[in-house]
Amino acid sequence: MSGDISCRVLRPLFRYVNERGVSPADLVAGLPHGPDPFDPGSWISADVFAQIIGRAADLLNDPDIAARAGEAAGRPCPF
């Protein structure tokens, strides 16, 4: 699991793109993610995470989508 990323971080992104008419399934289709990326208890590689963010940015034409999805999730953790 070293170097992997919890799928929990995808939840705000999935919600954000879904609210804008993009299916979260489109972000992960065909990627070699292994475990279910919709399961918050799963882990994905940093490479797959970067590909998901890249797809979301392309589909919504928004290079700052990761920041926007994080902001839309609520107040960030103070540390």
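Which residues in helix 3 are buried? In this predicted model, they are Val48, Ile52, Ile53, Ala56 and Ala57, where buried means under 20% relative accessible area, exposed over 50%, and partly exposed in between, with a 1.4 Å probe and protein chains only. Because the model is predicted, local features need pLDDT of at least 70 and side-chain atom pairs count only at pLDDT 80 or more, while totals for chains, interfaces and linings use all residues. Residues are numbered from 1 along each chain as its sequence is written, and side-chain values use heavy atoms, with hydrogens and water left out.

A look at the whole chain comes next. The protein contains four helices and two strands, arranged along the sequence as β-α-α-β-α-α; helices (H or I, at least four residues) and strands (E, at least two) are DSSP runs, numbered from the N terminus. Of the 79 residues, 32% are buried. The accessible surface is about 4,900 Å², and carbon and sulfur atoms hold 53% of that area; areas come from the Shrake-Rupley method with a 1.4 Å probe, and for residues only the protein chains shown count as cover. Among contacts (heavy atoms within 4.5 Å) with a separation of 6 or more, 67% join residues 24 or more positions apart.

The interior can be read through its nonpolar core, a set of buried Ala, Val, Leu, Ile, Met, Phe, Trp, Tyr and Cys residues joined through side-chain atoms within 4.5 Å. The largest such core has 18 residues, and those with the most contacts inside it are Leu10, Leu13, Val17, Leu27, Ile52 and Ile65. Two or more residues each are given to this core by helix 1 (10-19), helix 2 (24-28), helix 3 (46-59) and helix 4 (65-72). Leaving aside residues up to four places away in sequence, Val17 touches Val22, Pro24, Leu27, Ala56, Leu60 and Ile65.

After helix 3 comes Asn61, in the loop between helix 3 and helix 4. Most residues other than glycine have a negative phi. Asn61, although not a glycine, has a positive phi of about 50°, and at 69% relative accessibility Asn61 counts as exposed. Asp62 lies in the loop between helix 3 and helix 4 but is buried, with a relative accessible area of 11%. Its contacts, not counting residues up to four places away in sequence, are Tyr16, Ala57 and Arg68.

Pro12, Leu13, Arg15, Tyr16 and Val17 in helix 1 meet Ile65, Arg68, Ala69 and Ala72 in helix 4. Ala69 of helix 4 is buried at 3% relative accessibility. Ala69 touches Pro12, Leu13 and Tyr16, not counting residues up to four places away in sequence. The C-alpha atoms of Ala69 and Pro12 are 5.7 Å apart, although the two residues are 57 residues apart in sequence.
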